[in-house]
Amino acid sequence: MELITDPALITPQWLTQALQSNGLIPATGHVTSAEWQTIGTGKMGDNVRFTLGYDGSYDAPKTIIAKLPATDETARAIAGGMGAYRKEVMFYKELAQLSSMRTPEIYLALIDESGSNFILLMEDLAPAKPGDQLISETIEHAKQALSEVAKLHAAFFDKKELLARDYITHTDADSAAMGQDLLEQSWPGFVERFGHGLNAECTALGEQYVANHCKWVAHYQGPQTLVHSDFRAENMLFGEAGQVTTVDWQTLTESCCMADVAYFLGGSLDIESRRHNEKTLVEHYRQCLIAEGVTLTEDECWQQYREFSLQGLMITILGAMFSQAEERSDQMFLVMIQRHLQHAVDMNAAEFL
């Protein structure tokens, strides 16, 4: 099929071919109308909802979601160059079905050789709603999210052959050195934009982390698994029946399972809620992991959680500096860096730097 990344150029005829190709409508059926609107607040990709009309009464979706490259040329170039779009397409093509974690059903997945142009057509999960990074996620939603991510981690836990895929980021010395270079370049500008919202202790820890990112990456030597790496409330859709569907798989990484746990609790709960509930929530995750066949002791789990309280710093710093400044996104990045840095301070994570 022709790869189209502009929603205005996606026609009923093109959608007919796409839906016929996977049997959603019969070979004699046709999409007769397709109206679209942009949804969501993504920075590294755009999401569009298509409302479809058909020439008959088919058991086919009335609405579908198209995920497309970012309209922002800077974000698009960075995401494509870093392989983010390829990660997501290949996750849905090759890995999603290997875990019982709930992800959207994919109707079409196309990407070009450059890695900068792609399209995903997927199920519309409305009325499920994404979380909001500017508020604190509920404890019930936190438990649901951790239950889901335990399924992902268990499915790939210490599976070296699966984790060797070339589109998964590997936390080796080369990637760590590149990360530290980017952090050192970005940190001064980040502090200029967001430093007004940070206390002295948090700013000092941020500086220490940026200077020692490579050391931190090298510290963990335990079993690895597949981690989402941007596992936060706005990358989840919460349904009324307790279902959680995880989206935005552009940051696939081989790492410690507690990287996702610490990142989620540190960034998606406000500071006081996280402090009050994290012991209980980390133990909830551990029990879910055990139920999936992977055992960590309480001490192992907690120490790894402390170590990976630093997980949110790099993605927040680089995410802010590599995307266009906007009022809402800057509010989000400020809230996230405040929470992640305070989390690391609370966990005394400086000992891992």
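Tutor: Strands are DSSP runs of at least two residues, numbered from the N terminus. With that convention, this predicted model can be read element by element.

Student: Is His 228 buried or exposed?

Tutor: A residue counts as buried when its relative accessible area is under 20%. The value for His 228 is 0%, so His 228 is buried. Its side chain places a polar atom 2.9 Å from the backbone oxygen of Asp 248. Leaving aside residues up to four places away in sequence, His 228 touches several others, including Leu 152, Thr 246, Trp 249 and Asp 260.

Student: Which strands form the open sheet, and in what order?

Tutor: The order is S6-S9-S10, with antiparallel pairing. Strand S6 (129-130) and strand S10 (244-246) are the edge strands; each has a single partner, so one side of each lacks a neighbour in the sheet. S9 and S10 are joined by 3 bridges, and Met 236 has Thr 246 in S10 as its bridge partner.

Student: How is the packing of two helices described?

Tutor: One gives the angle between the two axes and the distance between them. Here, helix H4 (residues 139-156) packs on helix H10 (residues 271-291) at about 35°, with the axes 9 Å apart. The crossing is right-handed.

Student: Which residues meet there, and of what class are they?

Tutor: Among them are Leu 146, Val 149 and His 153 from H4, and Leu 281, Tyr 285 and Cys 288 from H10. The contact comprises 10 nonpolar, 5 polar and 1 charged residues.

Note on methods:
Residues are numbered from 1 along each chain as its sequence is written. This is a predicted model: local features need pLDDT of at least 70, side-chain atom pairs count only at pLDDT 80 or more; totals for chains, interfaces and linings use all residues. Side-chain values use heavy atoms; hydrogens and water are left out. Buried means under 20% relative accessible area, exposed over 50%, partly exposed in between (1.4 Å probe, protein chains only). A polar contact is a pair of N or O atoms within 3.5 Å; within protein, one must be able to donate a hydrogen and the other to accept it, and residues adjacent in sequence count only if both atoms are side-chain atoms. Contact means heavy atoms within 4.5 Å. Two strands pair if DSSP finds at least two bridges between them. Helices (H or I, at least four residues) and strands (E, at least two) are DSSP runs, numbered from the N terminus. Axes are lines fitted to C-alpha atoms, for helices over the stretch in contact, and angles run from 0 to 180 degrees between N-to-C directions. A crossing is left-handed if the near helix is turned anticlockwise from the far one by less than a right angle, and right-handed if clockwise. Ala, Val, Leu, Ile, Met, Phe, Trp, Tyr, Cys and Pro count as nonpolar, Asp, Glu, Lys and Arg as charged, and the others, Gly among them, as polar.
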